[in-house]
Every structure is written in C-alpha cells, then in structure tokens.
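This briefing is for a reader new to the structure shown below. Please look over the sequence and the model before reading the points that follow.

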Amino acid sequence: MEHTVYMLTTIDNPYSPFTQFREWFTWDEAAGYSTTAFLARVVKTSDELTERDYASAVEEGIDEIIQENVSGMYRKVTKESYPPSYQ
C-alpha cells in the first residue's frame, strides 16, 4: 500500500519541493530558512527504521513544526496539494 508523502515548505518559496527540489532548496537557503536542516533537527530517526517508519517520523516532525509555527511561514504539503492555494 502506498502512503502519502508530505513535505515542509514556506509560504513564499515559488518552487515545488516535489518537482523542483534543487531550485526549491537553493531558494530556501538563500532566504535564510534552512528548512531541511530545521526539519532534520526535529525529526527523530534511526538507521534501523523501515522506509514507512522513516516517512512517519518525518511527517511527525513536520507536524511538530507546523504546530509550533509561530512565524506562520511553514506549510505541510503533498504533491497533490502543490502548488498551494496561497500562491
């Protein structure tokens, strides 16, 4: 069974983290967000996790960031929901 893939992005990044990752990442770093590094600090992973468990850990990390989203900059998106309606 296939599971939904979630990504973390910012409301102002014009690139898709799904189909334009290189451009998305370059823009994100130039803007000073370092979203991937931020997510890596939050996600609790292990080399012993299955692919499905790893994806669940990433989703939990994204949810934690969204829950504490004081700046309002971050959005949880799926490939199907991208581009988000706020763009």
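Predicted model: local features only at pLDDT ≥ 70, side-chain atom pairs only at ≥ 80, totals over all residues.

Residues are numbered from 1 along each chain as its sequence is written, and side-chain values use heavy atoms, with hydrogens and water left out.

**Salt bridges**

- Side chains of opposite charge can pair when their charged atoms come close.
- The count is 3 salt bridges, a salt bridge being a side-chain nitrogen of Lys or Arg within 4 Å of a carboxyl oxygen of Asp or Glu.

**Lys44 and Glu64**

- Lys44 and Glu64 form a salt bridge, with their closest N and O atoms 3.8 Å apart.
- Lys44 lies in the loop between α2 (35-42) and α3 (51-67) and Glu64 in helix α3, so the pair ties together parts that are 20 residues apart in sequence.
- Helices (H or I, at least four residues) and strands (E, at least two) are DSSP runs, numbered from the N terminus.
- Lys44 has a relative accessibility of 64% and counts as exposed, whereas Glu64, at 39%, is partly exposed.
- Here exposed means over 50% relative accessible area and buried under 20%, with partly exposed in between (1.4 Å probe, protein chains only).

- Glu59 meets Lys76 in a salt bridge between their side chains (3.0 Å, N to O).
- Because Glu59 lies in helix α3 and Lys76 in strand β2 (residues 74-78), this pair ties together parts that are 17 residues apart in sequence.
- Glu59 is partly exposed, with a relative accessible area of 25%, and Lys76 is partly exposed at 29%.
- Asp63 also forms a salt bridge with Lys76, the closest N and O atoms lying 2.6 Å apart.
- Asp63 is in helix α3 and Lys76 in strand β2, so this pair ties together parts that are 13 residues apart in sequence.
- Asp63 counts as partly exposed, at 32% relative accessibility.

**Ile11**

- Ile11 sits in the loop between β1 (6-10) and α1 (21-30).
- The relative accessibility of Ile11 is 29%, so Ile11 counts as partly exposed.
- Ile11 and Ala37 are 26 residues apart along the chain, and their C-alpha atoms are separated by 17 Å.
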